[in-house]
Amino acid sequence: GQEIVISYGALGNDELLAFYSFVEVDNPWDSVVFTQERVVEILREIQGAEWVDLRLEILVQLTRFRYLPEGVACQLMAGPTPLDRGTVSVEFSMVLLALTAPVRVLLDEGAAALAIKIGEGVELSNKHA
């Protein structure tokens, strides 16, 4: 007889545990999901409230212009191959760019202009940083 193989699909460990009661060590489909609120909370702890609060308006504008859905979850993927590990979702990239924008660029261009640049994938200039 031949070996029977069952595929559960491209599922992270949270889904495997919830639906099939097991997890896979070094699961290439595993990921960590953060809410925007959690990312902001972590950065507040690291950088301080004033630093983060200056940049929160960019997130408001990204949502206003519909680059980000409201209450977006930010996903960090383990990746299906070693080269893909540590990749982030587009939404997570936008949130991180918004929350790490150099303050000089933010003051020069404004939150709405930066939100459009981030949403359109335009590289932010660090010349004023």
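These legends walk through several close-up views of the predicted model. Residues are numbered from 1 along each chain as its sequence is written, and side-chain values use heavy atoms, with hydrogens and water left out. Because the model is predicted, local features need pLDDT of at least 70 and side-chain atom pairs count only at pLDDT 80 or more, while totals for chains, interfaces and linings use all residues.

**View 1. The buried face of helix α4.** Helix α4 spans residues 90-99, and its buried residues are Phe92, Met94, Val95, Ala98 and Leu99. Seen down the helix axis, these residues fall within an arc of 160°, so they line one face of α4. Here, buried means under 20% relative accessible area, exposed over 50%, and partly exposed in between (1.4 Å probe, protein chains only). Helices are DSSP runs (H or I, at least four residues), numbered from the N terminus. The arc is taken from the directions from the helix axis to the C-beta atoms.

**View 2. The largest nonpolar core.** Look for Ile58, Leu59, Leu62, Leu99, Leu114 and Ile118, which touch the most other members of this 21-residue core. At least two core residues come from each of α2 (36-47), α3 (49-64), α4, α5 (103-109) and α6 (111-120). Helix α4 gives the largest share, 5 residues. A nonpolar core is a set of buried Ala, Val, Leu, Ile, Met, Phe, Trp, Tyr and Cys residues joined through side-chain atoms within 4.5 Å.

**View 3. Helix α6 and its neighbours.** Ala111, Leu114, Ala115 and Ile118 are buried in α6. They fall within an arc of 105° seen down the axis, so they line one face of the helix. The buried residues of α6 pack against α3, α4 and α5. Leaving aside residues up to four places away in sequence, Ile118 touches Ile58, Leu62, Met94, Leu97, Ala98 and Leu124; contact means heavy atoms within 4.5 Å. Gly121 follows α6 and has a positive phi, near 80°.

**View 4. Arg64 across from Ala115.** Arg64 sits in helix α3 and is exposed, with a relative accessible area of 53%. Arg64 and Ala115 are 51 residues apart in sequence, yet 9.3 Å apart in space, C-alpha to C-alpha.

**View 5. A nonpolar patch on the surface.** Ile4, Ile6, Tyr8, Phe19 and Tyr20 form this patch, with about 620 Å² of accessible area together. Patch residues have over 30% relative accessible area and no salt bridge; like charges are joined within 9 Å, and nonpolar side chains (Val, Leu, Ile, Met, Phe, Trp, Tyr) within 5 Å. A salt bridge is a side-chain nitrogen of Lys or Arg within 4 Å of a carboxyl oxygen of Asp or Glu. Areas come from the Shrake-Rupley method with a 1.4 Å probe; for residues, only the protein chains shown count as cover. Ile6 lies in the segment before α1 (13-20) and is exposed, at 61% relative accessible area.
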